[in-house]
Amino acid sequence: MMAMVHFAITGGEVIPEIEMPMFATILDLKETIEEILDVDVARQTLNFNNQVLTNDQTIGHLNLGPFAALALVVTPLAGQPKFNILVKSINEEINIRVKETTLVVDLKRKLERRCGILFEKITLHRLSKEMEDDFPLSAYYVCEGSEVEMTTKIEPR
């Protein structure tokens, strides 16, 4: 049986858990993170015990044990550009332009104007995690092309 290390990737509100073989490199781990979170490898910095991990290091040489928490730091996009995300609900898909620094509540207000639903009735999820109003979208690793799920609470009359 191949020896594996189970990682919790901390740093944002979404904390993915990833299992990697001991022979994998940090670059391999970053590529897996990119598949899960849609964050480009070039924007990722991984830290363990306040030490930056380099792409060529192998997991086995880090002496992490079977479980480890790594801190992910994502380099912000230069100039805070706007980009497109896809907001999906049961009946529609909405392309919307945002910045990484846009607060969740501000995205809800944009959706309120677009859909005619009070922002207080909108709940947003990213990677199965409910998004809290006071956090920026970057806390949920929202970037170009990300998908956000929208549900609404509409009371019967």
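Guide: A salt bridge is a side-chain nitrogen of Lys or Arg within 4 Å of a carboxyl oxygen of Asp or Glu. This is a predicted model, in which local features need pLDDT of at least 70, side-chain atom pairs count only at pLDDT 80 or more, and totals for chains, interfaces and linings use all residues. Residues are numbered from 1 along each chain as its sequence is written, and side-chain values use heavy atoms, with hydrogens and water left out.

Visitor: Why is the pair Lys88 and Glu93 called a salt bridge?

Guide: The closest N and O atoms of Lys88 and Glu93 are 3.8 Å apart; the cut-off is 4 Å, so the pair qualifies.

Visitor: What makes Glu93 count as exposed?

Guide: Exposed means over 50% relative accessible area, buried under 20%, and partly exposed in between (1.4 Å probe, protein chains only). Glu93 has 54% relative accessibility and therefore counts as exposed. Lys88, with 21%, is partly exposed.

Visitor: Which parts does the salt bridge of Glu147 and Lys88 tie together?

Guide: The side chains of Glu147 and Lys88 meet at 3.3 Å, N to O. Glu147 lies in strand 10 (residues 147–152) and Lys88 in strand 6 (residues 83–88), so the bridge joins parts 59 residues apart in sequence. Strands (E, at least two residues) and helices (H or I, at least four) are DSSP runs, numbered from the N terminus. Lys88, Glu93 and Glu147 are linked in a network of salt bridges.

Visitor: Where do Asp106 and Arg109 lie?

Guide: Both lie in helix 2 (residues 104–115), 3 residues apart, about one turn of the helix.
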